[in-house]
Amino acid sequence: MRKIVIFWGVFFGLLLYLQATSMAQTPIMSEQLVYSLNVYNGKGYGGAFTPQTEDTIYLMADKNSAIFARTTLVYFWPITAKFMAGFQTLNEEVVGTLEILKGGKLLKSLKPQDNSLYYPEGYWGETSVLSIDEEARTYYEKYKKAVDEYYQKISEFYKARIEHRKKMDEFLEEIKKRREAGEEFTSEEIEKSIPREPKPPEGPKFYTTEPRQDYIINLPVGTYRIRIRAEDGTIIQDSQKNLVVFTSRRTGGTGYEIIPGNRWTMREPCDDPARIIYAAGKNALYFNPFTQDEYNELYYNKLEDPQNPGRVERWRWVHITPIKDVTLLFLKGKEVLQRVKRLPYSVKQVPGATLGYDIIEYDQEKQPYEKPTFEGYKLDLSPTLENTGYQINLEKKTGGFFKGGKREVRLVRKENSRLLYALSIFPLVIGVVVFLKRRKRLVP
Amino acid sequence: MSKEKGFLSTKTIKVLTRRDLGSALHGWGIYAVTVISFLLSSFFLGRYLGGIRENNIRISPDPLSGFFFFPSVIIISFYLTVLSSVSVSRERDQGTLEILFYGPVNSSAFIFSKYLKEMLTYLIIVVFFFAYFWGVSGLTNLGFSLGLVKAIFLSIFLVSCWISFGLFISSLTSRVRNSILWVVGVFGALWALYFGQGLLLSLSTEEMPAFLSYMGGAVSVIYQAVWWISPLSYLSRGMDAVNVGSLWLYGMSILYSIIYSVVLIILSIFILKRKGVRG
Amino acid sequence: MIRTENLTKEYDGFKAVDNLNLDVKEGEIYGFLGPNGAGKTTTILMLLGILRPTRGRIYLLEEELTKNFLSLKRRIGVVSEKQYLYKEMAAGEYLDFFADLYGVKDKKKKIDQLLKSVGLLEVKNRKLGAFSRGMQQKIGFARALLPDPELLLLDEPVSGLDPTGIKQIRNLIEKENKKGRTIFISSHLLSEVEKLCREVAIINEGKLLAEDTMENLRKKLSKTVELEIELSQAKEEITKALSSFDFIQAIKQRENLLTLRVKSDQDYRAPISETISRQGGIVLGIKVKEMSLEEAFITITQKNISLLAPLEEVTK
C-alpha cells in the first residue's frame with residue numbers, strides 16, 4: 001500500500017513538474033537553415049517555413065512553387081506548439097544550386113529565379129498567380145506603373161479637391177450675396193450651379209509582389225530529395241530534405257459552409273457528401289456552396305504549414321471557388337419543398353438591454369452606407385416538419401444538379417432525450433426475466 | 001508425457017463454453033455493466049442533443065458510431081477483461097480446473113472455451129447494442145447508419161484483444177485477487193504511460209532539462225513497444241479507423257486484432273500447460 | 001488396468017515419486033496407501049496426464065498414456081478428496097454438464113439413476129453450494145460414474161466424512177466393483193483400505209515400500225510383536241545368539257536397547273532372557289508392544305520399513 005502511494009505520488013509530482021516546465025520556459029533561439037516556402041495550394045499561393053524538425057516539404061504536382069533556403073533564428077512557441085522564425089532578426093540567404101534527386105539520381109539542378117505573386121483581384125482577392133522571370137518583372141513593372149499612376153491621380157485629386165473647396169467657398173459667398181440682395185433661388189437652381197466635387201481615383205485592382213529570387217519547383221507526382229550545393233561544390237549542411245509532390249484524389253466536388261441562424265459566427269463545414277446535417281427546432285440555415293477538391297490530409301496540411309499535424313490515411317476536401325449562380329433546393333424525396341436563391345444578408349444587433357441580433361435581408365437602397373455581412377442560400381426549417389427523408393441539392397442554371405451537392409438533413413427529436421435513460425435499462429429487464437426463470441427451476 | 005490428442009475437441013469446447021455462458025447469463029454482471037454503459041451513452045447523447053438545440057445544427061457523418069458507441073465499448077471491454085482475467089485463476093483457485101482436467105479436457109480446449117465464452121458474452125451485448133441504438137435512432141432521429149454497424153462489427157475484434165489479454169493474465173496467476181490486481185495494475189500503468197507520453201510530446205525537446213529529455217526518450221521507446229502489446233492501443237487504433245473512415249485502417253485494425261488475440265491465446269495455452277492446473 | 005514402469009517425478013531435485021512400479025489388475029479394488037505427502041496424489045495426477053512424469057511409463061487400460069490420451073480419460077472416473085463443485089449450479093445441471101463433456105448417451109435417465117443410487121434424487125434441483133460435505137462427495141461419485149468408467153480412481157474418498165457417509169461411500173464402491181469396474185483407492189487410512197481392498201501398495205516418500213495382497217500384508221504386519229529389551233550392556237555375542245532363533249524375525253540395536261520382532265504365536269520372553277544371561281548380559285527390563293494393523297502401517301511409513309522387508313536384510 002505504502003509503495004503504491006509513493007509510486008503515484010512520484011508519478012503525479014513528475015507530471016506537475018512537466019506541466020510547469022512546459023508553461024514556464026522562456027524561448028530559446030537557435031540558428032537554423034530553414035526553407036521559406038511560397039507554394040500553390042489548389043486555389044492560390046500561401047507562405048510558410050520549414051524548420052529543422054520537419055524533414056519533408058510537400059508541394060502540389062505540376063504547379064510552380066517557390067522555395068528558398070535561409071539562415072534564421074528559430075524558437076519554440078508553446079502556445080501554438082510550433083517553431084517560429086525570427087526573420088526580422090536574422091535573414092541570411094543561403095546561396096547555391098538546388099539539386100533535386102529521384103531514386104538517388106540527380107534529376108534537376110535549379111538556380112534561383114526572379115518570381116513574384118500576382119493577385120488579379122487585388123491583395124485580398126482569392127486568386128493568386130506565381131509569375132517568374134520576365135513575366136514577374138513585367139507584372140511588377142505594370143503594378144508599379146499602375147501605382148505611380150494612382151499616386152499621380154491622387155495628387156491630382158487632392159489638387160482638384162482644394163480647387164473645388166475654393167470654388168465652393170466662392171459659390172457660397174456669391175449665393176449669400178445674391179440672397180442678401182433679395183434674389184431667390186430654388187433648390188434645383190442651386191443644385192444645377194453648385195461646383196461638382198472631384199471623385200477620388202480608384203487604386204490598381206490588381207496587386208503584384210516585388211520580384212525576389214527563389215528556386216521554382218514544378219514536378220510531377222512523386223517523392224524526391226532536395227539539397228543545396230554551394231558554389232565550392234559542397235553540400236550545404238542541413239539543406240537536405242525529402243520532397244513529396246502530390247495531387248488531388250478527386251476534383252469537382254461540392255462542399256458547403258453552413259451559417260446557423262442563431263450563431264452566425266460559428267460556421268460549420270459540410271464537405272463530405274456522407275455527412276448528415278442534424279438540425280433541431282425552428283431553424284434558419286444559410287448555405288454557401290463551393291467547388292472542392294479532395295487531398296490527402298497529411299500532405300495538404302503539411303503543404304499549408306510543414307508543422308501542421310495530419311493523417312496520411314485521411315482525406316480532406318479543400319474549397320476552391322464559391323458557387324454563386326445556382327438554386328438551392330430543399331427536397332423530400334423528389335418533391336421540392338423550397339427553392340432558394342443566393343441573397344446578401346446583414347446582421348443587426350438588437351438595440352437595448354436584450355442581447356442578440358437579427359439577420360435581415362440586405363437592401364442596398366435602404367442601407368446605402370453598409371455592405372452585406374454575408375451572402376448565402378437561406379433555408380428555413382420548421383419544427384412541424386417530419387423528421388427524416390430531407391435533402392438539399394444544388395440546381396444549375398441550365399438545369400440538372402451539381403456534382404456531389406446532395407446532403408441529407410435530419411431533424412432531431414431533442415424532446416426525447418430523457419427517454420434514453422429509460423431505454424438504457426432494458427438489459428436489466430432481460431436479466432430479471434432470466435433470473436426469475438432460473439429461480440423457478442431451482443428448489444431452495 | 002501424454003500427448004494431448006485431439007488438440008481442439010469442438011465438442012468439449014462447446015460444452016465448456018455453454019456452461020460458462022449459462023453461468024454468466026444467470027448472473028447480474030453482464031446486465032448491470034451493459035446498463036451502466038448505456039446510461040453513460042444516454043448521458044452523452046443528451047448532451048449532444050442539447051448541443052444541437054443550442055447551435056441549431058450539428059454536422060456529422062455518423063454521431064452514434066463515434067461519440068456514443070465507443071465509451072460503452074470501453075466499459076464493457078474492461079468488464080470482460082476482468083472476467084477473462086479471473087476465468088482461469090478462479091477455476092484454479094477453486095479446484096474446478098483440476099476436476100475438469102480429470103475428464104476429456106485439455107489446456108487448449110479449456111482456454112479456447114474461456115475465450116469463446118467471453119466473446120459470446122460480448123456478442124450478446126452486441127445484440128443489446130443493436131437494440132439500444134435502434135431505440136436511440138427511433139427516439140432521437142440520429143441515424144442508425146452503416147457506419148454504426150461497421151463500428152459494432154469492428155468492436156468484436158477489438159474486444160477480442162482485451163479478452164485475450166485478460167486470459168493471458170489469468171493463465172499466469174493462481175488466485176483471483178492476484179488476477180484482478182494485475183489487470184488493474186497493468187491498465188493503470190498503460191493509462192499513465194499514454195498520459196505521460198502525450199504530455200512529453202507536447203513539450204519541445206529543446207526546452208527540456210536533460211533528464212526529462214532522457215526520460216522522454218525512454219517513455220517513447222516503451223510507448224512504441226507497448227503500442228503493440230497493450231489492448232488499449234488496439235481499441236484506440238480501431239476507434240481511429242472508424243473516426244478517420246479509412247477502409248485500409250479498418251481492415252488492418254481487424255487483422256492486427258486477430259493476430260494479437262491468436263498470439264495471446266496460444267501463449268495462455270502454453271502457460272497453462274507449463275503452470276498446470278494447480279498453479 | 002494400471003501399470004507404471006519406473007514412474008518418477010522430480011521437483012528441483014526432490015523426488016516426489018521415485019521409480020514407482022504398480023500393477024493393478026482388471027476388476028480389483030486396489031489400495032494405494034501412504035501418509036500425507038507420500039506421493040499418492042502426484043502419482044494419480046500423473047496417471048491422469050495432469051502432471052508430466054520426469055521419467056517412466058504409464059499404461060492405462062492396456063494402452064500407453066501417450067496414445068489416445070483424451071479418449072482414454074473418457075473411460076476413467078475420478079473422485080478426488082474434495083469435490084470442487086460449481087456452487088452456482090444445481091446438482092442436475094452439474095451432472096448434465098459432465099454428461100455432455102463425457103458424451104454420455106441417454107443422459108437424463110442416467111443422471112436420475114445415479115442420483116438415485118447416491119440418494120440425491122430429491123435434491124436434483126438444489127444448488128450445489130447448499131450441499132453438505134457428504135452430499136458433495138456423493139455428487140463427486142455420481143460425476144465419476146457418469147461415463148460408465150472401466151476404471152475408478154478414488155483419491156481419499158471418505159476423508160472428512162461422518163461414519164454414515166463413510167458407510168454409504170464404502171457400499172457404493174463395493175457395488176461398483178461388483179459391476180466389474182476396477183477401483184483404485186488412494187488413502188492414508190489403512191483401516192479404510194483394509195475393508196475394501198484385496199491388493200495393496202504402500203508408498204512413502206515417493207518410494208513403493210510394498211505391493212501385496214491385503215491378506216499377506218496383514219500376516220506380515222499383525223503376526224508379530226515387538227519386544228523392547230533394555231540391557232545393562234550391549235554385546236555382539238547377544239545379538240548373534242538371538243539371531244539363531246527362528247521365532248525372531250528382526251533385530252535392531254540402538255546402544256543398550258534391543259528391539260526384536262518376534263512371532264506372536266507364544267510368549268518367547270523366557271528363552272530370550274535366558275540366552276541374554278547366558279551371553280553375560282543383564283536384562284533390566286522387557287516391554288511388549290503389540291501393534292494393530294493401523295499402528296504397523298503408521299510405523300512402517302514412518303521409516304521403519306524393516307517390518308515389511310525380508311528379515312536377512314535387516315539383521316545384516
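Reader: What share of the accessible surface of chain C belongs to carbon and sulfur atoms?
Author: The model is a predicted one. In chain C, the accessible surface comes to about 14,700 Å². Of this area, the share that belongs to carbon and sulfur atoms is 46%.

Reader: What percentage of the residues in chain C is buried?
Author: Chain C holds twelve helices and 15 strands, and its residues number 316. Counting as buried those under 20% relative accessible area, the proportion is 52%.

Reader: For contacts in chain C with a separation of 6 or more, what fraction comes from residues 24 or more positions apart?
Author: A contact here requires heavy atoms within 4.5 Å. Among the contacts of chain C with a separation of 6 or more, residues 24 or more positions apart account for 68%.

Reader: Which strands form the edges of the open five-stranded sheet in chain A?
Author: The sheet has mixed pairing and the order β3-β14-β13-β7-β8 in chain A. From one strand to the next, the twist averages 30°. Strands that pair on one side only are the edges, and in chain A these are β3 (56-60) and β8 (105-110).

Reader: Which residue of β14(A) is the bridge partner of A:Ile57?
Author: Strands of a sheet pair through backbone hydrogen bonds, either parallel or antiparallel. Strands β3(A) and β14(A), the latter spanning residues 241-246, run parallel and are joined by five bridges. Within β14(A), the partner of A:Ile57 is A:Leu243.

Reader: At about what angle to β3(A) does helix α4 of chain A run?
Author: Helix α4 of chain A comprises residues 297-304 and lies across β3 and β14 of chain A. Relative to β3(A), helix α4 of chain A runs at about 100°.

Key:
Residues are numbered from 1 along each chain as its sequence is written. Chains are lettered from A and ligands numbered from 1 in the order in which they are written. This is a predicted model: local features need pLDDT of at least 70, side-chain atom pairs count only at pLDDT 80 or more; totals for chains, interfaces and linings use all residues. Side-chain values use heavy atoms; hydrogens and water are left out. Helices (H or I, at least four residues) and strands (E, at least two) are DSSP runs, numbered from the N terminus. Buried means under 20% relative accessible area, exposed over 50%, partly exposed in between (1.4 Å probe, protein chains only). Accessible areas come from the Shrake-Rupley method with a 1.4 Å probe; for residues, only the protein chains shown count as cover. Two strands pair if DSSP finds at least two bridges between them. Axes are lines fitted to C-alpha atoms, for helices over the stretch in contact, and angles run from 0 to 180 degrees between N-to-C directions.
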